[in-house]
Amino acid sequence: MLNVKVFLETRKVSADGTHDLKIKVSRKNERFFVTMGIKLKAEQWDDGKVVNHPSKQTLNRNILSMLNSYNEAAYSLRFDESKLTMAEIKERIKMLVNPNAEAKHARTLVECAEEYISKFTKHSTLQIYNS
C-alpha cells in the first residue's frame with residue numbers, strides 16, 4: 001500500500017531561512033519525494049498545516065488539493081502497485097497528477113546518431129555567405 005504525506009524538509013535550509021515543502025510517497029522501505037514549490041520557515045509549519053503566514057488559507061487549500069491529487073493517484077494504482085517498481089510508480093503518479101506534463105522521452109540510438117551527425121554537417125555562417 002502506498003502512503004502519501006506532506007512534510008517540511010528541515011534538513012536543508014535556503015539562504016533566506018526557508019525550507020521546501022515536499023510530498024513523500026512511500027511503500028515499505030522505498031520512497032520518492034516531490035517538491036511542492038512552497039517554501040516556509042520552520043515556525044510557519046505546524047502539524048501538517050501552514051500557520052503564522054499571511055497567505056496561510058490559500059497555501060493550506062493548495063497543499064490539501066495537491067495532497068488529494070497524489071492520494072487519488074496512489075489509490076488508482078492499488079491493484080498494480082505490487083507489480084511495479086518505485087520508479088514506475090513515480091512516473092505513473094506524476095502522469096496521473098499532471099497529465100499535460102510531457103513524459104520522459106527515451107531516445108533511440110538512431111535519434112542520438114542523427115543528432116550527433118547533424119553537429120558536423122551544419123555549415124558555419126562564413127561558409128553560407130561565401131557560397
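**Reading a helix pair and an aromatic pair**

Analyst: Let us begin with two helices. In this predicted model, the axes of helix 1 (residues 56-76) and helix 2 (residues 86-97) come within 9 Å and cross at roughly 125°.

User: How are helix 1 and helix 2 oriented to each other, given that angle?

Analyst: Angles over 145 degrees count as roughly antiparallel and 65 to 115 as roughly perpendicular, with oblique for the rest. Helix 1 and helix 2 are therefore oblique to each other. Their crossing is right-handed.

User: Which residues of helix 1 and helix 2 meet?

Analyst: From helix 1, Ser69, Tyr70, Ala73, Ala74 and Ser76 take part, and they meet Ile93, Leu96 and Val97 of helix 2. By class, this contact has six nonpolar residues, two polar ones and no charged ones.

User: How is a pair of aromatic rings described?

Analyst: One gives the distance of the centres and the angle of the planes. Here, a search of the whole structure finds one aromatic pair. The ring centres of Phe7 and Phe33 are 5.6 Å apart and their planes lie at 70°, so the pair is edge-to-face. Because Phe7 lies in strand 1 and Phe33 in strand 3 (residues 30-40), the pair ties together parts that are 26 residues apart in sequence.

Methods: Residues are numbered from 1 along each chain as its sequence is written. This is a predicted model: local features need pLDDT of at least 70, side-chain atom pairs count only at pLDDT 80 or more; totals for chains, interfaces and linings use all residues. Side-chain values use heavy atoms; hydrogens and water are left out. Axes are lines fitted to C-alpha atoms, for helices over the stretch in contact, and angles run from 0 to 180 degrees between N-to-C directions. Helices (H or I, at least four residues) and strands (E, at least two) are DSSP runs, numbered from the N terminus. Angles under 35 degrees count as roughly parallel, over 145 as roughly antiparallel, 65 to 115 as roughly perpendicular and the rest as oblique. A crossing is left-handed if the near helix is turned anticlockwise from the far one by less than a right angle, and right-handed if clockwise. Contact means heavy atoms within 4.5 Å. Ala, Val, Leu, Ile, Met, Phe, Trp, Tyr, Cys and Pro count as nonpolar, Asp, Glu, Lys and Arg as charged, and the others, Gly among them, as polar. Rings of Phe, Tyr and Trp (its six-membered ring) pair if their centres lie within 6.5 Å; planes under 30 degrees apart count as stacked, over 60 as edge-to-face and the rest as tilted.
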